[in-house]
Amino acid sequence: MMNGFVKLLTCLPAILAAACIPAITAAQGNARFQEHQVGREGASTVFSYFNTTPESPDGKTIAYIRCEQEPAPGKTRVPAALWICDRDISHHRKVAQIKSISVHDGAETQWVDNNRIALFDDLKLRVVAIHSGKDLLRKERVASEIGHETYKGKLLYSICEGKVPGEPGIYELDCNTQEVRTVLHLKDLGALPLPAFLKKDSLYPLLQWQLSHLQYSPDGEKICFRIELGPKDDEILLGVCNADGTDIKVWIKPLHFLWYDSHSIIGHLSNEPDGKKPEPYDRRFSLTRWDLNGKVIGQMLAPRGNHLALSPSREYVASESFYQTNPVVLTLYTIRPGKQAREVCRFDPQRVTWKEKFHVNPSFSRDGKRLYYSRPLDATHNGTFFIEIL
């Protein structure tokens with residue numbers, strides 16, 4: 001892995017110069033950032049999805065999940081609790097008990113406003129008042145997945161066949177009125193032209209397609225999402241549509257993806273439009289940007305990466321090294337000329353990062369001055385941390 005990384009950094013400046021994109025270079029001799037631990041010792045803690053900030057909208061409060069039982073190999077669902085603390089990591093307090101989380105993304109916690117947090121608990125949606133711990137939804141709402149972040153008090157979620165009852169599709173819960181709106185029904189995707197390389201006889205039946213990683217565009221006008229059509233890696237597509245479910249477009253999904261702005265998507269390149277692996281090898285899983293027709297508009301913006309986070313200003317991107325690597329290295333990149341990539345931390349994943357699936361899942365603070373992430377504390381426990389970006 002390190003040989004491939006060094007090779008990429010050696011050839012990257014020439015490649016990017018040809019594309020008129022500023023090169024990223026590895027920092028030499030930079031001192032490590034000073035880490036600050038958020039969760040307390042004695043139990044694993046976790047934040048949320050990658051790029052979903054644990055900070056309240058005013059930046060004064062941090063939310064995290066504390067496991068009340070450690071996961072066992074192959075059994076990553078555990079009882080947990082929602083905790084919060086002040087920005088200076090003081091005044092830790094337990095807000096609510098959670099029946100079951102997957103440690104991969106915690107309870108998928110996301111702030112609705114400064115006083116409410118939405119979360120995912122054992123296939124149920126919850127909206128919790130942080131000062132009282134009270135559940136605010138008057139009616140039980142089941143879901144297969146929930147979105148990455150609310151937008152103006154609204155929360156995306158999906159229903160998938162075989163997981164929860166209901167018509168498969170994407171829905172929106174207004175946390176203020178508690179009304180639910182259908183964004184699109186899964187059957188609406190059946191008429192879409194799929195990439196020619198997909199072999200339809202190997203795909204799942206339409207109503208068994210899985211919808212996840214739902215994300216509002218920054219202006220709230222569009223939604224992007226993952227569509228798992230079959231069991232193979234190249235049978236997973238990225239979908240983009242208007243917030244009312246119209247104008248649906250699909251193309252091959254990056255490894256992980258985010259909105260760069262309201263008109264483009266950024267992520268780690270996994271496959272070409274024809275389903276083949278990118279060439280040369282150094283392009284595989286490099287940071288790439290697409291317009292909303294699936295056309296590449298920025299190549300090799302950072303080397304091979306994994307879970308990613310974008311700062312609000314889009315000056316920085318953070319990502320860790322690829323699955324199953326040892327050690328795991330979390331790096332802070334910038335595409336501004338004259339800036340260097342900086343290593344945030346490196347660690348032996350032991351069994352915690354990869355086998356227990358406590359993924360690094362980086363995210364930035366609301367003001368872009370902090371980077372939050374997870375890493376192992378020891379051979380058993382995961383911890384939650386941040387560094388200040390100076």
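Colleague: Which strands each supply at least two residues of the lining of the largest pocket?

Modeller: β5 (93–102), β13 and β14 (222–228) do, a strand being a DSSP run of E with at least two residues, numbered from the N terminus. β13 gives the most, with four residues. This is a predicted model, in which local features need pLDDT of at least 70 and side-chain atom pairs count only at pLDDT 80 or more, whereas totals for chains, interfaces and linings use all residues. Residues are numbered from 1 along each chain as its sequence is written, and side-chain values use heavy atoms, without hydrogens and water.

Colleague: What makes a set of points a pocket?

Modeller: On a 1 Å grid over the protein atoms alone, a pocket is an open set with protein on both sides within 12 Å along at least five of seven lines, and lining residues have an atom within 4 Å of a point. The largest pocket has a volume of about 1100 Å³, which is the space filled by probe spheres set on the points. Its lining has 43 residues, with H104, H213, R226, H256 and Y323 closest to the centre.

Colleague: Which elements each supply at least two residues of the lining of the second largest pocket?

Modeller: β13 and β17 (257–261). The second largest pocket holds about 530 Å³. Of the 21 residues lining the second largest pocket, N51, E149, Y216, P218 and R314 are closest to its centre.

Colleague: Where is Q210, and why is Q210 called buried?

Modeller: Q210 is in β13 (residues 210–216). Buried means under 20% relative accessible area with a 1.4 Å probe, protein chains only; Q210 has 15% relative accessibility, so it counts as buried.

Colleague: How do you know that a polar contact joins the side chains of Q210 and K163?

Modeller: The contact is 3.4 Å, and the limit for a pair of N or O atoms is 3.5 Å, where one must be able to donate a hydrogen and the other to accept it.

Terms used
Buried < 20%, exposed > 50% of the residue type's maximum accessible area, 1.4 Å probe, protein only. 1 Å grid on protein atoms, 1.4 Å probe; cavity = no way out; pocket = protein on both sides within 12 Å on 5 of 7 lines; lining within 4 Å.
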